[in-house]
Amino acid sequence: MIPGRPPGGDPDDLVTVGRYLDPVAAQFDRSRLEADGLACFVQGGGLGSLLPTATVFPILLQVRAADRARAEEVLADSPAGDVLPPEDAPADPDGSF
């Protein structure tokens, strides 16, 4: 625990609410969050232009920890195309999400 930081973490810390292979899908969901008044950040969106065939670097859509629940609600009906499962999701034996 960091001295002076609340035990639950800092509400301004960034948390990941979406992982993508397609930068367009990431930007689409970013637009949806911003239209709902949520500040967000896309990390790694420019890598596609540098490494067009590399999918080892997922694109992350991040929001403030305090906004996580609302962001997940907004994105709940997001199209599933090029959206990766959460990093901590259990592996699916048949290879689907």
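The questions and answers below cover the fold, strands, helix packing and selected residues of a predicted model.

Q: What percentage of the 97 residues in the protein is buried?
A: A residue counts as buried when its relative accessible area is under 20%. A71, at 0% relative accessibility, is buried by that cut-off. Over the 97 residues in the protein, the buried share is 24%.

Q: How many residues of strand β1 are buried?
A: Strand β1 covers residues 14–20 and has seven residues. The strand is largely enclosed by the rest of the structure, because the number of its residues that are buried is five.

Q: How many bridges join β1 and β3?
A: Strand β3 covers residues 59–64 and pairs with β1 in the antiparallel sense. Within this pairing, Y20 stands opposite I59, and the bridge partner of V15 is V63. The number of bridges between β1 and β3 is six.

Q: Which residue in β3 stands opposite C40?
A: Strand β2 pairs with β3 in the antiparallel sense over four bridges. In β3, F41 has Q62 as its bridge partner. The residue that stands opposite C40 is V63.

Q: Which residues form the uncovered face of β2?
A: In a regular strand the side chains alternate between the two faces of the sheet. In β2, the covered face holds C40 and V42. The uncovered face is formed by F41 and Q43.

Q: How many residues of β3 are buried?
A: Strand β3 has six residues and is mostly covered. R64 is found in this strand and counts as partly exposed, at 31% relative accessibility. The number of buried residues in β3 is five.

Q: Is α1 parallel, perpendicular or oblique to α3?
A: Helix α1 (residues 23–35) and helix α3 (residues 68–75) pack with their axes 10 Å apart, at an angle of about 120°. That angle makes the arrangement of α1 to α3 oblique.

Q: How many charged residues are in the contact of α1 with α3?
A: From α1, the residues D29, R32 and L33 meet A71, V74 and L75 in α3. Of the residues in this contact, four are nonpolar and none is polar. The number that are charged is two.

Q: What is the handedness of the crossing of α1 and α3?
A: The two helices pack at an angle of about 120°. Where α1 passes α3, the crossing is right-handed.

Q: Is A71 buried or exposed?
A: A71 is found in helix α3. Beyond its neighbours within four places in sequence, A71 is in contact with V17, L33, L38 and V63. Its relative accessibility is 0%, so A71 counts as buried.

Q: Which residues are in contact with G45, leaving aside its neighbours within four places in sequence?
A: G45 lies in the loop between β2 and α2. At 25% relative accessibility, G45 counts as partly exposed. The C-alpha atoms of G45 and L60 are separated by 7.8 Å. With its neighbours within four places left aside, the residues in contact with G45 are P23 and I59.

Q: What distance separates the C-alpha atoms of D12 and R64?
A: D12 is found in the segment before β1 and counts as partly exposed, at 48% relative accessibility. R64 is in contact with D12, and also with P11, D13, L14 and V15, once neighbours within four places in sequence are left aside. D12 and R64 are 52 residues apart along the chain, and their C-alpha atoms are separated by 5.0 Å.

Technical notes. Residues numbered from 1 in each chain as written. Predicted model: local features only at pLDDT ≥ 70, side-chain atom pairs only at ≥ 80, totals over all residues. Heavy atoms only, no water. Axes fitted to C-alpha atoms, helices over the stretch in contact; angles between N-to-C directions. Parallel < 35°, antiparallel > 145°, perpendicular 65-115°, else oblique. Left-handed = near helix turned anticlockwise from the far one by under 90°. Contact = heavy atoms within 4.5 Å. Nonpolar A, V, L, I, M, F, W, Y, C, P; charged D, E, K, R; others polar. Buried < 20%, exposed > 50% of the residue type's maximum accessible area, 1.4 Å probe, protein only. Pairing = 2+ DSSP bridges.
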